[in-house]
Structures are given as structure tokens and as C-alpha cells.
Amino acid sequence: MADKIIKSGEQLKVPDNPVIPFIEGDGIGKDIMGPSQRVIDAAVQKSYGTSRKIEWKEVLAGEKAYLQTGHWLPEETIEAFREYLIGIKGPLATPVGGGIRSLNVALRQTLDLFVCLRPVRWFKGVPSPVRYPHLVDMHIFRENTEDIYAGIEFMTGSPEAEKLMKFMKDELGVTDQVRFPENSSFGVKPISREGSERLVRAALHYAIERQLPSVTLVHKGNIMKFTEGAFKNYGYDLAEKDFGDKVFTWRMYEKIRSEKSILDADKALEEAKKTGKVIVKDVITDAFLQESLLRPYDYSVIATMNLNGDYISDQLAAMVGGIGISPGANINYNNGYAIFEATHGTAPAIAGTGKANPGSLILSGVMMLEYMGWTKAAEHVYDAMDHTFAKRRVTSDLHAQMEGATLLSTSEFADEIIRNMH
Ligand code: NAI
């Protein structure tokens, strides 16, 4: 009988027939959702026979919701995600003049989905602009609720901007730092200890559970000391305080080096690696953007703030084949809410043509299966996708870049993956 997924203490309790709400999405959403669900269902069936099955429940958002209900994001949709905990969504068009800045942002904020998780790995055969894409295997934890993305902005010339400038000048002694005080807009960048800690805690748990080698805190703390610099310090504090014997931090390394010697510090680091501790380190964002291209094997789990995470996600996705196949999820690890999603947009120009690549949505479905603990089914899809790309049977976005490839429609590509599940 269909049942709800619930969070009980630290554990997610997943029934054999969980109800999972889905938002079809706008544009190519209609083209990719059905085929993606077929792939996920086939993997579940291959792995667990008839003992497990997802009960899909459609909920409305975007244009389809607006046409049927007059609302872009009906309250019932939010309620369904609250009730069933986990859901999946296709891309949503941003309504023009609808009073909502972005439906995606609205969903994230309402459900407080504080982690945007983007795993980045390469599938053999997929065209890549880098020479050794197989060395890229990273997991980005982007903070989803704070930073300059909090939406606190004041337009130049507005009474608010004038008031803020006056306050900064009269009360805070800000003078030369604002070069053109009469003509400046302002944005506010909140970064808190709680917000940083819950993000880094999730990244550390993920790394420890999966036995991944490192968590890297990516920040611009050299310039923005009290926001990005604080994020780095909060991350180290938390790792040392709450994960003591499971981690070895770069700060611990520096301490040994300054109190003893570099040899002792190196020895401690080697010992930590040998005993399977997660190495927690940090790197300045601009250096990371270079290093991740030049030495991708040095990085595994990345924990960073909202804006950095946005840039980094797209660069890393491009390194392994681009947005058509890069999955994502927005998760609140405390209460269990999670929405898995295609990371690309609605691609209106190719909607309804059978050209859309369903890879991103399929792989976000795989993330969902992993989150539910249905790992066997997740592995089935990974393997089958590996086979499909290796055989060069792909949708038109990849076909154009792959020599000797066979062109498949959205639906045929999904069928091919199902055929390749052994
Ligand atoms: P887009 O991702 O829709 O398209 C960018 C380019 O990538 C286009 O050439 C498109 O044809 C191609 N593309 C995207 N997904 C593809 C796929 N699965 N297979 C093959 N080709 C694919 O980005 P754009 O044009 O900036 O945005 C269009 C709409 O989507 C806007 O309303 C935007 O707000 C929305 N959007 C929604 C997102 C979401 O729901 N998560 C994310 C990004 C944009």
C-alpha cells in the first residue's frame, strides 16, 4: 500500500511503496519527466522485483499550475512536499511580472532547503573540454539560504539606498569605501554561524558516510573577512568540535607545524590519510577555479556559500559534459525535506521536438534513490548510463559533438538506458 516517507530521529523511514510528488515542469519538462520516471521505475523493478515501487503523484507548479489554478505555485504543492518529504521536479520558467522572482527560489525558501547538492562526475565517452575528465569526481555543497542571494538589495536613487548610505556614513563611519555615494546601489550579504555550520555539517556527514577523502571550504575570506572568512572559521571550528576523531583539519596541520616542525605536521597528515580520516582544508575561490581545472583529483567534497557555489557548479558541470546531464538536489538534512531537480532551464526552443536530453533529470532521480537508501537501483542506472554513453547512443546535444554517434530522441535515449540495465 502506498505510504509516506517519514523522518524518525536521524533516520529516513522509506516504505516499499513511497508516494513521491513530482512537478512536471515547463518547456522540455513535459518531454523529460515521463521518460525519466520510466528509467527510475525500471531500475527499481530490476533491483527489487515487485517488492518495491514508487507511487508518483503529480503536483502543479509553473505554467501548467497557472493555467489550471491561476497560481504559479499553489499552496497544495508546497503542502505535498511537506507531507511526503521528498519530491522531484522538472525545470520551471520564471514568471514574467508574476510577482514571484523565481519559483525555484520560492520553493527553496519556503521549505528551508539549505543545501544545494551537485555531484559532478564524468561518464565515459561524453564530450568534455578538459583533457582528463575522468579525474573529476566532486560533490558540491552550496549553501542555499544566505549570502548576497538573500535578496536584500536597494536600488540607487531609492529612498532606502539614500537612507542606508546616510546611516553608514553617520553611524558607521563609512566614507571613502563607497566611491560614488550618490549613485550606488547596495546589497547585503548575511553569513551566520548557524547557516555555515549546518551546511558544513551536512558536507562532513556525506564525506564520512561515503568514505570520501576530503572536504574543502571554498571562500574569499582574504577579502571578505567577516563573512567569507567567518564561514571558513565556522567550518573548521565545527569539524574539530563535532567530528574530532573522524577528521584532520588544515588548521591542525598548521598548529603542529608551528609548535613542532613541518616533518611532524606531514607525519600527522599522512597518518590521518592512512587511518581514513576526512581531510578538511580550505582554498580561496579564485584559486579553486584554477586548481579544479589543473588538479581536479585534489578535490572531493566542496562546501561553500551561495554565490561561489553558483559559479563553481556551472564550471564543474561544463568540465564533464555540461548542463544537459548534470543533476542537483535541494535538501534540508535536519527535517529530511528534499527536492531533486534537473539543473538546466526549460529550453523553450527545443520543447516538444524530442531533442531534449533527459540525463540531468534521470541522474537527479538517481540522487533521490540514493537519498532513500535504494542504492542498488541507483547503481543500475549509473551502470546503464555508462553503457549507453560508451555505445555513443545519445540525444542531439551530445550527438553534435561525438564522432560516429547514433542520434536518439529523448524517449529513445530513456529506452536505451532501460535496455542497458543488466
Ligand atoms: P536553459 O537551460 O533552458 O537553456 C540553455 C541552453 O541549453 C539552450 O540552448 C537549451 O536548448 C540547452 N538545454 C538546456 N537543457 C537542455 C537539455 N536537457 N537537453 C538539451 N539541451 C538543453 O536556460 P535559459 O534559456 O537561460 O532559461 C530558459 C528558462 O528556464 C527561463 O525561464 C529560466 O528562468 C528557466 N530556468 C529554470 C531553471 C530551473 O527550473 N531549475 C534553471 C535555469 C533556468
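The legends below describe close-up views of one predicted model. Local features need pLDDT of at least 70 and side-chain atom pairs pLDDT 80 or more, while totals for chains, interfaces and linings use all residues. Residues are numbered from 1 along each chain as its sequence is written, and side-chain values use heavy atoms, with hydrogens and water left out.

**View 1. The largest pocket holds about 1,100 Å³ of space.** Its lining has 43 residues, and the closest to the pocket centre are Y206, E209, R210, Y333 and Y371. A pocket is an open set of points on a 1 Å grid over the protein atoms alone, where a 1.4 Å probe fits, with protein on both sides within 12 Å along at least five of seven lines. Lining residues have an atom within 4 Å of a point. Volume is the space filled by probe spheres set on the points, with grid points joined across faces, edges and corners.

**View 2. Helices and strands supply the lining of the largest pocket.** Elements that each give at least two residues include β2 (11-13), β6 (115-121), β7 (137-143), α6 (193-209) and α12 (359-372). The most comes from α6, with 6 residues. Helices (H or I, at least four residues) and strands (E, at least two) are DSSP runs, numbered from the N terminus. By class, the lining has 24 nonpolar, 9 polar and 10 charged residues. Asp, Glu, Lys and Arg count as charged; Ala, Val, Leu, Ile, Met, Phe, Trp, Tyr, Cys and Pro count as nonpolar; the others, Gly among them, are polar.

**View 3. The second largest pocket has a volume of about 710 Å³.** Lining it are 32 residues, with S102, N104, V105, R108 and R142 nearest the centre. The largest share, 5 residues, comes from α4. Helix α4 (103-110), α11 and β15 (338-342) each supply at least two. The class counts are 11 nonpolar, 12 polar and 9 charged.

**View 4. F22 and W56 form one of the aromatic pairs.** The model has 12 such pairs. Rings of Phe, Tyr and Trp (its six-membered ring) pair if their centres lie within 6.5 Å; planes under 30 degrees apart are stacked, over 60 edge-to-face, the rest tilted. For F22 and W56 the centres are 6.3 Å apart and the planes stand at 85 degrees, so the pair is edge-to-face. F22 lies in strand β3 (residues 19-23) and W56 in strand β4 (residues 55-58), so the contact ties together parts 34 residues apart in sequence.

**View 5. Ring pairs link F141, Y206, Y333, F340 and Y371 into a cluster.**

**View 6. Two charged ends sit over tyrosine rings.** R121 is placed over Y382, 4.9 Å from the ring centre. K281 is placed over Y299, at 5.0 Å. The rule asks for NZ of Lys or CZ of Arg within 6 Å of the ring centre and within 35 degrees of the ring normal.

**View 7. Strand β6 pairs with β7 and with β14.** Pairing requires at least two DSSP bridges between two strands. β6 and β7 run antiparallel, joined by 7 bridges; C116 has R142 as its bridge partner. β6 and β14 are also antiparallel, over 3 bridges, with L117 opposite A329. In β6, 6 of the 7 residues are buried, so the strand is largely enclosed by the rest of the structure.

Notes
Buried < 20%, exposed > 50% of the residue type's maximum accessible area, 1.4 Å probe, protein only.
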